[in-house]
Amino acid sequence: MTTAAAHAPAKDSSVEDALLRSIRIPPRPSLLVDLQRELADEDPSPRRIARIIGNDVGMSGALLKLANSPFFGATRKAKSVEQAINFLGINQCAALLTGLLARQAIDGKDGALNQFWDTSARRAQALVFISRRLRIAPPDISHTFGLFCDIGVPLLLDRFTDYADTLALASNDGDRSFTAIEDDRHATNHAAIGCLLARNWGLSPDVSWAILHHHDYAVLDDEATDDAIRSLVAASVLAERGIARYHGNGASLEWDKGGEPACRHLGLEVDEAEDLLDELHETFHIEH
């Protein structure tokens, strides 16, 4: 499937659309619809947003736990959802809640996806850090992109019984792009599916397009692509390198494929990138 098929108008006769219909894309949660409606208001109210979130006890507790985590450098503890919103800001709380809703909508049974969500949270942390340091994107956009970057993976695991084999092949191929291997085996890929979900859920266009292109490193030198999207993709390459280092992996195939164009786009020399990754490594040791 071409990447365009992820967002092209439906064609009933196409094999691609038949395939897409066979993949379970979770509908946008009603709580997210209500939240986005409030955020679209000219003057969104923390109190009204707190009331929306407060209707779900589980979401309220999870949001408070995240808001009070060391990652956000909280010097004072929020005792209510409204306080959390005021401390962190409306957009950041919305990003956190969107991630929590994604986990609720997609999570497998018996904690089967725990490692996936842990890695997604780590990536979100890395992207916020990199984006703040290099001033390339708002924290909430970076955070949401980090969480949803690989959101297509569990959806494809659910659809194809041999997709775990595809993941292993793609993760260990130093020549072909990750998504090209997926396309060859399944006629679609996790980036295209993730982009589709992001669009269906009403996420930022920058997020959905960055998801679509996050393994397409040629886009980093494509001036026809919006700079904000390319910057998110470039930052994701650094983030993946940082995550690999955190897990004790000195080598990173994605870094080998995309590290040079990513640094070039971000205006980083090799030693500057290494310094940034060293700082990122330190932040990874802050317990959530």
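**Asking what the words mean**

Mentor: Leaving out residues up to four places away in sequence, H190 touches C149, D150, G152, V153, L156, Y163, F178, T179, E182, H214 and H215. Before we go on, this is a predicted model, where local features need pLDDT of at least 70 and side-chain atom pairs count only at pLDDT 80 or more, while totals for chains, interfaces and linings use all residues. Residues are numbered from 1 along each chain as its sequence is written, and side-chain values use heavy atoms, with hydrogens and water left out.

Trainee: How do you know whether H190 is buried or exposed?

Mentor: Look at its relative accessible area: under 20% is buried, over 50% is exposed, and in between is partly exposed (1.4 Å probe, protein chains only). H190 has 1%, so it counts as buried.

Trainee: Which residue would be called exposed by that rule, and why?

Mentor: R51 would, because its relative accessibility is 51%. R51 sits in helix α3, and a helix here is a DSSP run (H or I, at least four residues; strands are E, at least two), numbered from the N terminus. The C-alpha atoms of R51 and E82 are 8.3 Å apart, although the two are 31 residues apart in sequence.

Trainee: E182 belongs to helix α11. What tells you how the buried residues of α11 are placed around its axis?

Mentor: The buried residues of α11 (residues 178–186) are F178, T179, I181, E182 and H186. They fall within an arc of 155° seen down the axis, so they line one face of the helix. The arc is taken from the directions from the helix axis to the C-beta atoms. Just after α11, A187 takes a positive phi of about 60°.

Trainee: What about α5?

Mentor: The buried residues of α5 (residues 81–88) are V81, A84 and I85. Their arc is only 100°, which puts them on the same side of α5. Among the parts that cover them are α3, α4 and α6.

Trainee: Why is the pair F116 and W117 given the name it has?

Mentor: A pair of aromatic rings is described by the distance of the centres and the angle of the planes. Rings of Phe, Tyr and Trp (its six-membered ring) pair if their centres lie within 6.5 Å; planes under 30 degrees apart count as stacked, over 60 as edge-to-face, and the rest as tilted. For F116 and W117 the centres are 5.0 Å apart and the planes at 75°, so this pair is edge-to-face. Both F116 and W117 are buried. F148 and W201 are also an edge-to-face pair, with 6.0 Å between centres and 70° between planes.

Trainee: What makes F148 and W201 tie together parts of the chain?

Mentor: F148 lies in helix α8 (residues 139–148) and W201 in the loop between α12 (190–200) and α13 (205–213), so their pair links parts 53 residues apart in sequence. Both count as buried, with a relative accessible area of 1% for F148 and 0% for W201.

Trainee: What makes a set of residues a nonpolar core?

Mentor: The members are buried Ala, Val, Leu, Ile, Met, Phe, Trp, Tyr and Cys residues joined through side-chain atoms within 4.5 Å. The largest core has 80 residues, and F148 and W201 are among those that touch the most other members. Helix α14 (residues 227–246) gives the most to this core, with nine residues.

Trainee: And how do you know that R122 lies over the ring of Y246?

Mentor: A charge sits over a ring if NZ of Lys or CZ of Arg is within 6 Å of the ring centre and within 35 degrees of the ring normal. R122 is at 4.3 Å from the ring centre of Y246 and lies over its face.

Technical notes
Contact means heavy atoms within 4.5 Å.
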